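Hi there,

Here is the structure I promised to pass on to you. Have a look at it first, and then read my notes below.

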Amino acid sequence: MSHFIDVILPLALPKALTYAVPPDMQPAVQVGVRVAAPVGRRKIYAGIVQRVHSEVPPYATKPIVSVLDSAPLVNGLQLGLWSWVAQYYLCSVGEVMKAALPAALKMESETRVSLEGGWEDLDLELSRAETDALSALQAKPSLSVEELAAAMQVKNVLPLVQQLLGKHAVRIEEQLLTAGKPRYETMVSLHPSVRSEEDLSALFALTARAPQQEQLLLAYVSMALPLSYAAPLRVAQKELLEKTKISAAVLKACVAKNIFLLHREELRSLRADDEEHPAEMPTLSAAQRQAYDEIQQHFAEKQVVLLHGVTSSGKTEIYMRLIEQAMAQGKQTLYLLPEIALTAQLINRLKKVFGNVGVYHSKFSDAQRVEEYRRLLEGGSQPSLMLGVRSSIFLPFSNLGLVIVDEEHENTYKQQSPAPRYHARDAAIVMAAQHGAKVLLGSATPSLESYHNAATGKYGLVTLTERYGQVALPEIRIVNVSYLKSKSGNRHFSPLLLKEIGAAMERGEQVILFRNRRGFSPYVECRECGWIPQCEHCNVSLTYHKRTHQLVCHYCGYAIGMPHSCLACSGTSIETKGFGTEKVEEDLQLIFPDASVERMDLDTTRTRSAYERIIEDFEQRKIQILIGTQMVTKGLDFDNVSLVGVLNADSMLSFPDFRACERSYQLMAQVSGRAGRRGKQGSVLIQTIQPYHHILSCVQRNDYQAMYLSQIADRQELCYPPFVRLIKLTLKHRSEQTLLTAAQTLSQRLRAVFGSRLLGPATPPINRVQNRYLMNIILKIERGKAVEKAKALLKAQCAEVMQLAEFKQLEIVPDVDPM
């Protein structure tokens, strides 16, 4: 075989694997198509062809099993982005592939067991379990390993299958799962011979003596109004028959009479719903027009522009103008958002102006994500505007002209686990450069890194300092709650906050309360002996969730019922400590029994419909008080919110992280911006026991510059981003002592190479997660140094340590630019 291909597999392999291509498959093989490739003795995966060549490798290669696509599923620009992400974020291209493609496109095989021909003629001595297994296979000729285990009601059936293989009673084979195949539906339209009112009248005359056929024709006409004879509307056969309660046989008779024509179409769960009469583009204010013009001027010289506009300054209207311009040039736009919740509110607004808008995020079903992916890949009805979250950067754009990264400061743009641990904002900038596209970063509270890049001239900088319609920024008051006693039961509500909530409700206005901790209480404690329930698998206390009456670990999901007595001293005085969003919700319902109170956190928004219902209900003023975690801080726009309360600023300010002050400012400024967005000034109350903290003063004055200057000076003095790059290594092992030895060994090796640039090893506050102990090592690399060389040295040292016999079970997780 003279043809070979390098194949990217959805596995954490150091490089693509080379396979031989059988002659009959060579014409179908090209870069970007999927092939079924064997891995190991039996497993088969669907991999992406990275390169086609004739270089004979120095080892025996396996042939591919089949070619799965007639056209590339991944284009060259996508493969280039995959390679960059893998190289920059110290992971494999296979791990990037797993993140980049919808699950239904990443097929792998499953092991199936079937009976060997002629096994009954063999004189076999069979155990009871073997006999049961063969009986199950006689009932159904082919079973997956999981199906066979379920049929026999055992957990592990593999030893039994191995025994039967040895007796030549069964055989096994790998079958590639074909998830994500397109589904089809039958559509009905008027026959092409019907070209006028006269032709339609003739059809009614033809069906006059066949009442059911006439009823079917009448139903079609009513569903297809206004009628177009040149391009008659296609109606779903299923809907037509359900509406008329008429059988498919009657429809078949109509087709035979040339009344209808049937079409087989791919089933679309996401239908394009272009507006026939789209809404007009909103008019820009003088300040918005000036900002728009300045962005255009910067785009003439720079690829990236930062739009720093205060909350409710109308950044979205400027985005829409830029999208309109990109569309006029025939270009695609990617509009990135940090939270799925924001798509629910924004999509309808954009559809009214632009019509067909694509949406892509993890709350969609896998079939919907595949459909949206293929729409972009195949062209035709593809949307020119794609709205999505982090993973949208991996979509198959072919003519990208503009990337908008809204709320660019949000840490949810950073993938935390598993690999690739990429930052969507930074990867989007690289992707846009590959396409020759422009990037607009927008935020009321830019990240220090982005603002520093703008201040030093790397990015263009445009500022919007006034709210749209000249609405005043909210009045922000700092409330000292150090005097509140926990015995009062209302430590999280100051008298002033309760008074303002009541006043807002009397005026028919709405309230948002921010508490960045979900659950009822962070932990429970025995009053008599001080026992605190801990997770069995992590070194962390369990959070109490009252609705489910469970204690839950937020790291691994371990849960137990709320104990009635102390497991240490058998005492019955178990009390909750601290408060989360669930506790706030319960207390408010007691204080304001007539109010409509809703909670918006991970527990209440696990589905897309839950997100949309809460946001829609709040927009329609069905909810008076909305309590939320940081979800409520991220760009939501509600016109009747007059009061925002931050219940506990101190938990953010005191967090042990060099970004704590920056993030505290961002969260409080953003949630404050939800107040008073239409017509009149809103009010914000921030509760704290540190009323004179510098960051709170900056929030109160809406003084981003003061926060930036103080923090950037600290970062420069202490050598933190943006003046250095950080790479964090997290070492994991089930043995605490082995982990400590491994961490010391690795740090000594790295310190010999990098010297004082290395920090650690250090034990994190939560030093065991999912039964594995953790230690961190941090490497600081100055800007301008050879970062890629440093990464290569780092990878080499990590690989050497992991090859040592005593560290075979050690896992080292690199995180570049950790958040």
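Let me begin with aromatic pairs: rings of Phe, Tyr and Trp (its six-membered ring) pair if their centres lie within 6.5 Å, and planes under 30 degrees apart count as stacked, over 60 as edge-to-face and the rest as tilted. By this rule there are 12 aromatic pairs. One of them joins Tyr451 and Tyr708, whose ring centres are 4.8 Å apart with planes at 65°, so this pair is edge-to-face. Tyr451 belongs to helix H15 (residues 448-455) and Tyr708 to helix H22 (residues 704-718), so the pair links distant parts of the chain, 257 residues apart. Helices (H or I, at least four residues) and strands (E, at least two) are DSSP runs, numbered from the N terminus.

A word on the source: this is a predicted model, in which local features need pLDDT of at least 70 and side-chain atom pairs count only at pLDDT 80 or more, while totals for chains, interfaces and linings use all residues. Residues are numbered from 1 along each chain as its sequence is written, and side-chain values use heavy atoms, with hydrogens and water left out.

Next, the helix packing. Two packed helices are described by the angle between their axes and the distance between the axes. Axes are lines fitted to C-alpha atoms, for helices over the stretch in contact, and angles run from 0 to 180 degrees between N-to-C directions.

The axes of helix H1 (residues 76-88) and helix H2 (residues 93-100) come within 8 Å and cross at roughly 120°. That makes H1 oblique to H2 (angles under 35 degrees count as roughly parallel, over 145 as roughly antiparallel, 65 to 115 as roughly perpendicular and the rest as oblique). Which residues meet? Trp82, Val85 and Ala86 of H1 touch Val93, Val96, Met97 and Ala100 of H2, where contact means heavy atoms within 4.5 Å.

For helix H10 (residues 286-299) and helix H11 (residues 315-328), the axes come within 10 Å and cross at roughly 45°. These two helices, H10 and H11, are therefore oblique to each other as well. On the H10 side the contact includes Tyr292 and Ile295, and on the H11 side Ile318 and Leu322.

Finally, there is an open sheet of 3 strands in the order E22-E23-E24, with antiparallel pairing (two strands pair if DSSP finds at least two bridges between them). Its edge strands, E22 (543-545) and E24 (559-561), each pair on one side only. Strand E23 (residues 550-552) pairs with E24 over 3 bridges, and Gln550 has Gly561 in E24 as its bridge partner.

Enjoy exploring!
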